[in-house]
Amino acid sequence: MSASSLQNGGNSGSPSPKVRDTSFKARAIRDLKRNYEIYLILVPVIVFYLIFSYAPMGGLAIAFQDWRPGRAMFGEGARWVGLKHFKDFFGSYYFVRVLRNTVTISVSSLAFGFPAPIILALMLNELKSKYYARAVQTVVYLPHFISMVVLCGMINLFVRDNGVITQVLGFFGFPKQNMLLNPDLFVPIYVISGIWSGVGWGSIIYLAALSGVDQQLYEAAEIDGAGKWMQTIHITLPCIVPTIIIQFIMRTGQILSVGQEKIILLYNETIYDKADVISSFVYRKGLLESNWSYSTAVGLFNSVINFALVTVVNKISSTVSETSLW
Amino acid sequence: MAQNKNKIKISPAERAFDIFNVLFMFFLCIIMIYPFFYVVVASISEPAKLMAHDGLLLAPQGLSGGAYSSVLKNPRVWTGYGNTIFYVIVGTTFNIIMTVLCAYGLSRKGLMFNRIVTIMVVFTMYFSGGMVPSFLVVRGLGLYNSRLALIIPGAISTFNMIIMRTAMAGVPDSLEESARLEGASHLQVLFKIMIPVTMPTIAVLILYYGVGHWNSWFSASIYLKDPSKYPLQLYLRQILIQSQMSDMNQASASEDQALLAETIKYATIIVATVPILVLYPFLQKYFVKGVMVGSLKG
Amino acid sequence: MSIKKVSAVVLAAAMLTAMTACSSPSSSTPPASGSGSTAPSNSSTAPSGGDTSSTASGSETSGSDSVYPMSGDKKLTYWVGVSVSNYNDNNAKLPLWQELMKRTGITIEFQHPAVGQEQENFNLMLASGEYPDIIESKYAEPAAMMEDEIIIDLTDVLPQYAPNLYNYLKANPDIDRQVKNDDGQYLLFPFIRPDPVLQVSSGPIARKDWLDELGLGMPETIDEWTAMLTAFRDQKGAEVPLAFDSSGNLDRLMYAWETVNDFVNENGKVEYGYLRPGYKDFLIQMNQWFKDGLLDNNYPTSTRDILNTNILTGKTGATYGSGGSYLGVWLSSKPSEPATYDLCGLKYPVLKKGDVNYHGGNVQFEFSNSNGWAMISTQCKDVEAAARFLDYGYSEEGHVLYNFGIEGESYTVQNGEYTYTDAMFNNPDGKSVSDTLGYYVRATGSGPFIQDPGYIMQYYQTQQQKDALSRWADQQQKSTKMPAIVHTTDEATEFTNIMNDIKTYIKEEQVKFIMGTRSMDTFDDFINQIKSMKIDRAIEIKQGALDRFFNR
């Protein structure tokens with residue numbers, strides 16, 4: 001989120017080209033001498049990033065190979081196959097499907113999951129009793145603290161054929177069948193459970209923005225005879241719009257990255273049709289089916305798309321709203 | 001909460017809204033709480049009666065502690081707990097050390113190469129090698145099936161590091177300068193000034209990292225092969241998601257025991273969630289603060 | 001090597017063989033070298049209970065046995081699924097393995113894949129590049145693994161360090177050629193089921209008391225099945241008359257339509273079961289059952305626990321399972337009501353009365369081509385120890401240990417027969433027989449040894465189980481099973497990639513067809529999709545491998 005704070009003005013890019021008295025080398029030496037302590041502090045950090053972030057990027061080479069355990073990744077034994085795996089993926093039956101599901105799940109989560117905490121925050125803000133509001137907050141934050149495994153475990157229990165949700169819906173004529181066997185119910189289950197666990201937590205940031213609204217504005221409005229509704233539209237909302245925009249930008253940048261964890265905890269092969277997303281596909285191809293190179297290629301495709309999206313969204317937002325991630 | 005203290009004139013519509021709002025919030029609370037309530041109630045019900053029950057549960061269906069005794073007797077639950085506590089404590093400690101070092105270094109001004117390092121670090125937030133290459137690196141380092149595999153590769157969350165960096169950058173320069181003039185080294189500045197001053201932020205990060213370790217199961221499922229090293233969540237996954245629970249069910253042979261499988265899952269959820277629920281009221285305000293720290297520019 | 005066969009056991013087996021009337025040709029070559037049917041004269045040749053028990057017997061041991069226990073501090077790592085996963089998390093805790101370690105003088109450090117994640121864990125272990133000394137996994141592709149230098153070629157190892165197995169293979173060329181790759185290199189230590197009664201282990205199961213009450217008799221045709229399930233639903237109040245614990249078990253019913261859920265060998269020609277004409281009719285029938293509420297509408301996500309509950313609480317009247325850990329467990333954990341509760345095995349159904357099932361329960365060869373095979377990895381430092389450890393399973397004493405356990409604890413010798421002790425059948429904690437036995441023997445599962453028919457005749461305590469076995473074995477003579485053919489690495493990669501996609505696709509679509517969410521009108525599109533996913537290439541690869549196999 002607060003990657004925005006990295007933005008200290010100016011473009012991200014190469015170091016500023018202000019050339020001072022001497023050459024780059026001399027300056028570098030002077031800098032290193034003066035600040036060696038800090039650089040020493042940074043050494044473990046740099047090593048960490050090189051090993052655990054950049055070395056895996058080197059490992060992306062296997063996306064262009066027929067790699068198997070025991071086979072070399074570079075040098076002699078490596079078997080380069082170019083873009084074969086990418087072509088296979090694009091031509092595969094599953095390509096359209098995982099892409100479609102990723103977008104569907106992501107957009108649905110955005111469409112319903114994004115406004116929910118805003119609305120909750122606005123309503124909490126209107127509660128007259130501070131104690132009541134605080135009590136409600138304590139309760140609605142709670143679901144955020146159960147782990148993903150437990151959340152999905154609860155979903156599994158509640159929506160199976162004799163689960164409580166299935167039974168309650170049964171009164172309204174739903175079939176008594178495990179809801180996770182119905183492909184059409186997967187996205188609703190995914191989105192609603194996401195809202196259940198995240199809405200309270202998500203509202204905190206908006207509540208903070210709301211608490212910053214100048215009370216005098218309301219008083220002035222009231223004197224002008226503006227009703228509550230008008231106040232909300234004309235005072236409250238505009239005040240939290242910047243927060244909303246930042247949040248929204250960040251979410252849109254991730255439209256093609258649906259994490260695999262919740263998916264693989266919830267799905268089953270009966271509903272792959274609607275539930276299988278790129279990340280779960282990568283997981284299955286790589287770790288379950290040992291198709292290492294292919295899986296890596298699909299993952300790389302996803303990373304590249306995501307990176308491009310974030311860049312574009314960031315570009316747009318920095319021109320439109322002057323907020324930027326970096 | 002921004003509250004409008006002036007109760008001048010309240011239109012009927014507003015009054016109606018207020019009532020609706022209060023009721024709606026109450027309803028919302030019920031939705032948030034009921035699943036927990038249901039799990040508790042189901043876990044202490046008699047399995048057969050629970051199975052026979054249809055619809056919402058308002059009270060236990062009979063009383064039975066069988067599920068709990070099965071869960072608590074299961075050594076793997078305790079192993080999982082022990083491992084998770086280890087990962088939380090050791091992992092979080094390591095996280096904080098690395099994050100603070102990184103944040104301190106990157107928050108210093110006037111360094112030639114800081115910008116490059118910053119770019120290098122931030123880039124990793126948006127692009128990564130992915131699952132398989134990361135796995136290959138970890139195994140290449142000999143960390144496969146080692147507890148360290150859950151601690152070292154995730155040592156710095158770049159996101160958290162940036163929160164920390166922002167906090168440190170916000171510390172007035174004068175504090176550091178005066179210390180430097182007195183001949184303090186950077187490490188001394190870090191430990192004597194920066195860490196105490198940014199302690200609230202560090203506390204928030206401890207919570208973030210701690211909860212992350214507590215909830216984590218995916219990397220454990222990839223990097224560990226020895227069940228004796230499994231964190232609790234991975235074991236929960238076997239029970240709750242994959243229904244691999246027969247080892248709980250000491251004698252699935254009988255009808256009663258087959259039914260007990262029903263309530264064991266609920267009991268497991270409770271056993272695995274109670275610590276968080278107990279700690280939650282005490283930690284809530286730190287978490288809330290954490291969101292602020294994490295989301296708003298200083 | 002001479003493994004003592006016990007007369008009563010052989011008799012029982014012979015009876016069963018006669019009943020099943022389809023003894024496979026090599027069934028007459030159980031691991032007996034000294035005339036198999038002679039009972040050991042009581043005390044003198046009764047197997048000694050291991051080196052520690054000081055019986056005067058056991059003098060018969062052949063030369064190769066004298067290498068045990070091996071001297072020196074031998075340690076090996078062993079990748080194998082945990083035995084008795086219900087109660088156990090490490091095989092080192094089990095009496096069987098402790099005894100094995102003691103007798104062989106080799107300490108085993110186990111590496112167990114997590115229950116339910118065996119395949120994933122196995123793949124990760126391979127990718128980790130750190131192989132245990134011994135690998136036993138049904139997910140292994142031995143020939144490809146040898147090509148990738150993950151496991152060693154056993155050609156020179158067997159004669160040198162594994163004389164028991166080597167001699168057995170020499171005496172049984174049919175099995176011998178299945179444990180080799182196309183180049184004639186030995187790949188693995190096999191799991192061998194020499195007797196036909198051991199090759200059948202599972203089949204349809206139904207509520208006997210219901211059938212009797214309803215006067216239905218044993219259904220044999222699919223139409224009779226429909227009548228049975230309908231009666232269960234209407235008259236016995238079964239909510240889910242037909243249920244399974246996995247969709248794979250539902251597929252067993254495909255045999256009625258002369259097809260299977262895998263590749264078949266139709267007289268030397270490889271076919272893919274799903275492309276055979278019967279598959280569509282199978283789907284139509286299952287869809288009908290589903291619509292009529294006869295088939296569990298949760299079957300794709302059902303689990304063993306759910307099935308147990310359904311059977312024991314009378315929600316389900318018919319299912320599929322094995323004779324031991326399904327039928328046996330359900331029989332022994334008889335619910336309190338109804339008092340008449342009883343189960344029986346049913347014949348695999350057919351379409352026309354009097355037909356013989358296409359595939360039946362006999363899904364295994366003498367050599368099990370999926371389970372229980374053990375390989376030695378290239379990272380094994382002490383190949384001799386590993387080979388000797390594995391070879392022990394094929395020795396005379398090892399045979400008894402793997403099949404019957406430890407004398408005095410899990411078995412005693414009565415009238416020359418290895419007889420399980422009462423403790424195996426009446427566990428004070430209420431554990432099932434399969435779990436209790438699993439502490440002492442590997443016969444209830446699989447592993448690198450020769451299974452003894454004497455095990456199953458005792459393991460199946462009840463008449464219901466024994467009857468079930470004979471009904472399940474009723475199938476046509478012609479074998480359509482694929483032998484243990486091998487793929488080269490590249491073939492294996494290509495084949496697996498194609499088939500993973502296809503299998504996933506079929507599983508998904510099959511559920512849709514059965515649940516009616518996909519119209520049968522689109523069946524041709526379904527077939528075309530499978531074809532466009534290169535099934536022909538997969539068949540071609542299989543065919544090539546099969547041809548090579550026959551040419552070995």
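Chain A is divided by its domain assignment into domain 1 (14-82) and domain 2 (86-320), with bounds that come from an automatic or database domain assignment. The model is predicted, so local features need pLDDT of at least 70 and side-chain atom pairs count only at pLDDT 80 or more, while totals for chains, interfaces and linings use all residues. Residues are numbered from 1 along each chain as its sequence is written, and chains are lettered from A and ligands numbered from 1 in the order in which they are written.

Taken over C-alpha atoms, the centres of domain 1 and domain 2 of chain A are 35 Å apart. Their contact takes 7 residues from domain 1 of chain A and 5 residues from domain 2 of chain A; two residues are in contact if their C-beta atoms, placed from the backbone, lie within 7 Å.

Chain A also meets chain C, where 25 residues of chain C are in contact with 21 residues of chain A. On the chain C side, α3 (118-128) and α21 (489-515) each supply at least two residues. Helices (H or I, at least four residues) and strands (E, at least two) are DSSP runs, numbered from the N terminus. The most comes from α21(C), with 9 residues.

Chain C also holds an open sheet of 4 strands in the order β2-β1-β3-β9, with mixed pairing. Two strands pair if DSSP finds at least two bridges between them. β2 (106-111) and β9 (374-376) of chain C stand at the edges with a single partner strand each, so one side of each has no neighbour in the sheet. Strand β1 (residues 74-79) of chain C runs parallel to β2(C), joined by 6 bridges. K74(C) has I106(C) in β2(C) as its bridge partner.
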